[in-house]
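Hi there,

Have a look at it first, and then read on for what turned up.

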Protein chains: 2
Amino acid sequence: MKIVVAVALAAMSVAGLQAAQVEAPQFETNQIETARELRAVALESNLGYEITEDLTTRIGNRLAGSENDARAVEWAVKKLESLGFDRVWTEPATFPTWTREHERVSITSPVEQDLVSLAIGFSPGTPEGGVEAEVVMFDDLAALQAAPAEDVAGKIVFIRKRMERARDGSGYGATVAARSTGSMAAAEKDALALIIRSVGTSTNRFAHTGTMRFDAGSRRIPAAAISNPDADQLERLIKMGEPVRLSVDIGAQVNEPYTSQNVIAEITGSKFPEKIVALGAHLDSWDVGTGAIDDGAGVGIVTAAARIIMEHAERPERSIRVILFAAEEIGLWGGRAWADAHKDNIENYQLAAESDFGAGPVYEISARVSDEAWPVIGAIHAELEMLGIAMGGRTQARGGPDFMPMSIHGLAAADLSQDGTKYFDYHHTENDTFDKIDPAEMAQNVAAYAVLAWLAAQSPVDFGSGPGLVDTSEE
Amino acid sequence: MKIVVAVALAAMSVAGLQAAQVEAPQFETNQIETARELRAVALESNLGYEITEDLTTRIGNRLAGSENDARAVEWAVKKLESLGFDRVWTEPATFPTWTREHERVSITSPVEQDLVSLAIGFSPGTPEGGVEAEVVMFDDLAALQAAPAEDVAGKIVFIRKRMERARDGSGYGATVAARSTGSMAAAEKDALALIIRSVGTSTNRFAHTGTMRFDAGSRRIPAAAISNPDADQLERLIKMGEPVRLSVDIGAQVNEPYTSQNVIAEITGSKFPEKIVALGAHLDSWDVGTGAIDDGAGVGIVTAAARIIMEHAERPERSIRVILFAAEEIGLWGGRAWADAHKDNIENYQLAAESDFGAGPVYEISARVSDEAWPVIGAIHAELEMLGIAMGGRTQARGGPDFMPMSIHGLAAADLSQDGTKYFDYHHTENDTFDKIDPAEMAQNVAAYAVLAWLAAQSPVDFGSGPGLVDTSEE
C-alpha cells in the first residue's frame, strides 16, 4: 500500500496535487472551530486524570474474572451514566480465568536468595512444595528451541533476553515470545519450570507478569518472570562458575469460564446515529498494581474526551461510543466478543481508536481508511499538530489491541501513538499505580482523542470500514 | 568551637595569618606525590566495585544475627586475607536479634486492597490473624502525640509525613522519628498498630524498613512502613470521605542475643604502628535487598582504598585499619562494642572515617581534629579538590554512625560527605541491589578514602583524639 501511494504521488504534477487537494472533502469552518475549542478545553481539564484516579483508588486492580472485575463494571456503568451519555449498556464476554495464589523463586545453591518474581498468567502450579533443580541459561527463546533436549530435561530453564527501551515500545515485540510461548517450548524438552527475565525495562526490583499463549492440546510447565535486577544477580552468580540451583514454587488455578461485560456508552449522533466512532480502552488490569497506566489511563482518556465533546460541542452527526473492554490482558476476550457481535455491521463503524499505552504524550497519528477518506485524516492531523503530533502516514493501523479482532475484517482505524519510553518500566508490575501518571501529559491525550472523535464524527465522507480495508499486506 | 575559631581569626592580621600558615606542619613532597599517585590509580580501578559485587552476589542480604551474617563474616575474613593485609582478625559484638516472618497490610473497607509494606525492625507481631480497625491519620509524630487518647484507642494509626529529597540526606532526620518512636507513642494511646509512610524518597512501590528504638520497659505495638505510592493511595481513599479500615498482620520474633564479629584488617605502620587511621563500613544489612548501597558500597570503598595503598605506596608511618562493623542497622552494636573495647586507647586513633551513605560522589570533607592538626586537614583537602570535593570546614564530624559511640569520647574524625540525592530511593528497601551502583562514582569515593587515609597516616602531627575533642557544643 505504501508503494502504491508513492508511485501515485510521483506521477502527479504539483498542479495536479493542488487540484486533488482542492477536490478533497472539507470540514466546515464551524466544525474546525469546535475542534479547536475542544482541544483548548481538554488541555485545561483534569477530567481524564480524575476518572483514572477514581477507578484506581476506589477499585484498585481488576483481574478479569475477579471480584474487582465485577466491581469495576459496576463502577464504569455508574460513572458513564453520571457523565450524561445518551445510552449506557453492557455486552457480555466469556473467557477462561486464572488465579494467582502464590509464587516464590529462590536460588538454593550456592547461596540461598529469594528472587522477586511473578508467575506468568495461566502458568500451571508446581507440585506442592515446588520444584528444585539446576538452572540452565539461554540467551533467548530461539536458543532454547535449538538446544538438545538432554541439556534441558529435568532442569529449570532461565531465558535472559533483555527488553530494549524505545519510544514506540518496539522492544516489547522483540522480547515477549519467551513469555508467550516459552513455557510450551521448555515443556517440549521436559524442563521442570521456566524463569524469564522480565519483559519490561524497569531497573527496579519489580517482576513483570503477562499472559502466556497456549493451545488446547499443548503441555505447559510452571513459568514465572523475575525482576531485571534479580535476572542480573542470577546471571552474575551463574557466571561465577559454580552450578546454580533454583527452587520454583507456584500456586495458581485455571478456573471455570466467567462472563464479564464490555461497558459501552454512546453520544447518539444527530444525522447518522447508526454510524459510530468507537473510542476504546480496557477496564480489566493485571492483579498487581492498580492498573493505572494499563489501562486506567486509557479509561480516563477516552471517557473524558467523549464527555468534553458532550459539554462543549453540538451533538455530533455520527454517534460516538466509548467502549471499555473486558478481559484484554488475558487474551483480548472483550475485543473478540465485541467483534463477534458487531462484525456483520462493520460498515457502520466510521473509525476505531483505543488508548492502551499509558498516559505518555501522543506523538503521531497513523490511520487505515479508504482512499476517499484519507485527505480527511490529513485535515484532522492539522488540528492535532499544535499538540506536538506528527503525521505518521497511512498504515495498517489497527486502532489498538481490543479492536484487532474486528480490524482483521477491515475496520477503519486510527492509532494515536504515545511516547512509551517509560511505559514498560511499569507495565504489568506491582508498580503500575496512579502516581505514575502526569496530568498534563494525560490532558494532551484527552485533547487528541476529543479532536479525533469529533472530526471523525463530522467527516464529510465515511472512512470505509469493510472488506475494502482488509489488510492484505504481507508485512 | 566555631565561635572561638572565628574570634581568633578576626584577631589576627593578614601577616599573622600568613605566618601561621608558614609555621603549619607540612607534608613532604614525596608523600604528596604518593597521594596523587593513589588518587590516579583509584580513579582507574574497579576494585571497590568488584568487592561490593562479590559480597552482594555471593552472600546477598545479611541481617545481623542471621545465617548470612555468619557467612558474611567468613567472606570478609577471607577477602581481607586474600588482599594481603598484615593482620586480619575479628572482635565480638553481642546484640538482641529480630526476625521478620511475614507482614501484610491491607485496606479492608471501603475496598479490599493489599498495600506494599515492611514491618519495622523489632516490631512485635500481631495476634494470630492480625488486627483490623478503622484508621486514624496524623500529619506527623507530633500530631499523634498531641491527639486525645480517645481518638486513637482501638484504632490503627497512620502517620503520613513525607521525607524530602536533599543532597545531604537531611530529610531523613526530619522524618525518621515516626519510625523510631512512633510505635511507643501510639502504644501510649492504646492504638492497635502503627502504619507509617516510608521514611524514604522512592516514588516506586517499595516499603522502607529500619529499626525502632525502645526502652526495656516500654510498650510497643506492631508497626510497619508502607510504600510511598501506597501511602498516597491510602491518603486519597481517606480523603474520599468514607471510613477506611485496615488489617495489619505481622509475624516477627525478638530472639536470643547473638554474637557476631567486627572484622578488622590492618596495614601495620612503619614508624608508629600503635597509631591508627580507622576506615569503617558495616558488613550487616537489612533482610531485604542485597545491602548494596547500604552498606556493601562502603565495604568496597574502604577495603579498596586500603588495598590500593598497600599496592601503590610505601608502608604508611601509622597503621591503617579497615573495620567492617557488625549489626549497625539494628542499633550500632558493632560500633558500641568497638568503642567499649578501644576507648581507653582513644589517643591512639589518629582519625576515623566511615563510608555508609551509598556510592554517590563525595562532595565535601569536614573534620573534627585538634587545633594543631587543622592545617593538615587543609593540606589533605588540597589533594581531594580535583575530585570535586569542597572544604566543609571544622565541624563536630563524627566519622559515620559506627564511630559515633567512640566519637562521644573525643575521637578525631573526618566526614567525606557523599551526594545522597538518590540514596533514600533505595535505603532499606528490597530494591537496594548492586545494579544501583555507578562504578565511576564509586571509584571517586575510593580515591578520596585512599588520599585521606594515606595522608592522615603520614601526618607530621597527631590529630588529637581524646578528651580535648569531646563535643561540648550545644548544637
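The contact between the chains takes 21 residues from chain A and 20 residues from chain B, where two residues are in contact if their C-beta atoms, placed from the backbone, lie within 7 Å. On the side of chain A that touches chain B, α4 (47-58) and α9 (228-239) each supply at least two residues, and α9(A) gives the largest share, with 5 residues. Helices here are DSSP runs of H or I with at least four residues, strands are runs of E with at least two, and both are numbered from the N terminus. By class, that side of chain A has 6 nonpolar, 8 polar and 7 charged residues. For these classes, Ala, Val, Leu, Ile, Met, Phe, Trp, Tyr, Cys and Pro count as nonpolar, Asp, Glu, Lys and Arg as charged, and the others, Gly among them, as polar.

Before you go further, please note that this is a predicted model: local features need pLDDT of at least 70, side-chain atom pairs count only at pLDDT 80 or more, and totals for chains, interfaces and linings use all residues. Residues are numbered from 1 along each chain as its sequence is written, while chains are lettered from A and ligands numbered from 1 in the order in which they are written.

How are the two chains related? Chain A superposes on chain B by a rotation of 180° with 0.0 Å of shift along its axis, at an RMSD of 0.0 Å; the two copies are thus related as by a two-fold rotation axis. The superposition is by least squares on the C-alpha atoms of residues with pLDDT of at least 70 in both copies. Of the residues of chain A, Asn204(A) comes closest to the rotation axis, with its C-alpha at 4.1 Å.

A residue counts as buried if 20 or more other C-beta atoms lie within 10 Å of its own, as exposed if 12 or fewer do, and as partly exposed in between, with C-beta atoms placed from the backbone. Among the buried ones are Leu47(B), Tyr49(B), Ile51(B) and Leu55(B). What covers them includes α9 of chain A together with α5 (67-82), α10 (292-312) and α15 (439-458) of chain B. After α4(B) comes Gly60(B), with a positive phi near 80°.

Now to the domains. Chain A is divided into domain 1 (2-10 + 24-86 + 268-469) and domain 2 (100-255), with bounds from an automatic or database domain assignment. Their centres, taken over C-alpha atoms, are separated by 34 Å. Contacts join 20 residues of domain 1 of chain A to 20 residues of domain 2 of chain A. Helix α14 (residues 423-426) of chain A gives the most to the domain 1 side, with 3 residues, and that side divides into 6 nonpolar, 9 polar and 5 charged residues.

The largest nonpolar core has 149 residues, and Val157(A), Ile195(A) and Tyr449(A) are among those with the most contacts inside it. Such a core is a set of buried Ala, Val, Leu, Ile, Met, Phe, Trp, Tyr and Cys residues joined through C-beta atoms within 7 Å.

Finally, some backbone details to check. A cis peptide bond joins Ser109(B) and Pro110(B), with omega about 10°; Pro110(B) sits in the loop between β1 (87-109) and β2 (113-115) of chain B. The bond from Asp294(B) to Asp295(B) is also cis, with omega near 5°, and Asp295(B) is found in helix α10 of chain B. Ala327(A) has a positive phi of about 55° although it is not a glycine, and Ala327(A) is buried, with 30 other C-beta atoms within 10 Å.

Best wishes
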